[in-house]
Amino acid sequence: MKIHPDQIEGVRPDKQQKANRTNKPGEGFGDLLNQEVAKANGSNGTQSVAPPLFVNPLLAPQAVSATRPVADEQATVGKVESVLGQWDDYAAKLGGGASLKEADAALNRIEQEVTNLKQDSEELAPGLKAIVDELDSLTAAERFKFNRGDYV
């Protein structure tokens with residue numbers, strides 16, 4: 001298929017259309033913003049909005065000292081994965097017909113691990129702390145259901 005110059009003339013914008021598209025003074029977003037800010041400040045003069053100041057993060061060395069070693073969080077992540085594995089074992093014992101004594105012992109081990117995690121979670125990252133808090137509430141709810149006799 002060949003494209004001829006007379007075929008593209010209909011889709012090519014002419015100079016008059018381009019001139020109509022350009023913003024006239026006072027119609028651009030920045031101009032409108034300056035007018036609204038001037039109205040809010042009570043002055044009628046043209047006032048420009050200052051751009052936000054950017055601070056170089058390298059100039060704040062105190063932020064670097066607030067970080068924690070990754071090894072502590074990796075150890076905590078390993079402990080959380082261990083607790084989740086214990087939850088799987090507990091669910092298998094309840095569903096597999098194991099005795100309630102075995103399930104109770106497994107739940108006691110989970111409670112002990114979660115208590116240890118909760119004590120160590122004071123200086124964890126917010127996301128990891130939320131997981132530990134969720135495990136704590138799940139363990140408390142499960143202990144309540146177990147003691148209430150839901151699995152008898």
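Partly exposed, as I use the term here, means a relative accessible area between the buried limit, under 20%, and the exposed limit, over 50%. This is a predicted model, and I will talk about its salt bridges.

The count comes to eight salt bridges.

Start with R143 and D104, whose side chains form a salt bridge at 2.8 Å, N to O. R143 sits in helix α7, residues 126-148, and D104 in helix α6, residues 100-120, so this contact links distant parts of the chain, 39 residues apart. Are the two partners buried or exposed? D104 has 24% relative accessibility, so it counts as partly exposed. R143 is at 14%, and therefore counts as buried.

Next, D136 and K118. Their side chains meet in a salt bridge at 3.8 Å, N to O. D136 belongs to helix α7 and K118 to helix α6, so the bridge ties together parts that are 18 residues apart in sequence. Relative accessibility is 30% for D136, which is partly exposed. K118 is partly exposed too, at 29%.

The last pair is K129 and D133, with a salt bridge at 3.9 Å, N to O. Both lie in helix α7, and because they are four residues apart, about one helical turn separates them. K129 is partly exposed at 25% relative accessibility, and D133 is partly exposed at 29%.

Which residues end up in one network? Salt bridges with shared partners join K118, K129, D133 and D136.

How values were computed
Residues are numbered from 1 along each chain as its sequence is written. This is a predicted model: local features need pLDDT of at least 70, side-chain atom pairs count only at pLDDT 80 or more; totals for chains, interfaces and linings use all residues. Side-chain values use heavy atoms; hydrogens and water are left out. A salt bridge is a side-chain nitrogen of Lys or Arg within 4 Å of a carboxyl oxygen of Asp or Glu. Helices (H or I, at least four residues) and strands (E, at least two) are DSSP runs, numbered from the N terminus. Buried means under 20% relative accessible area, exposed over 50%, partly exposed in between (1.4 Å probe, protein chains only).
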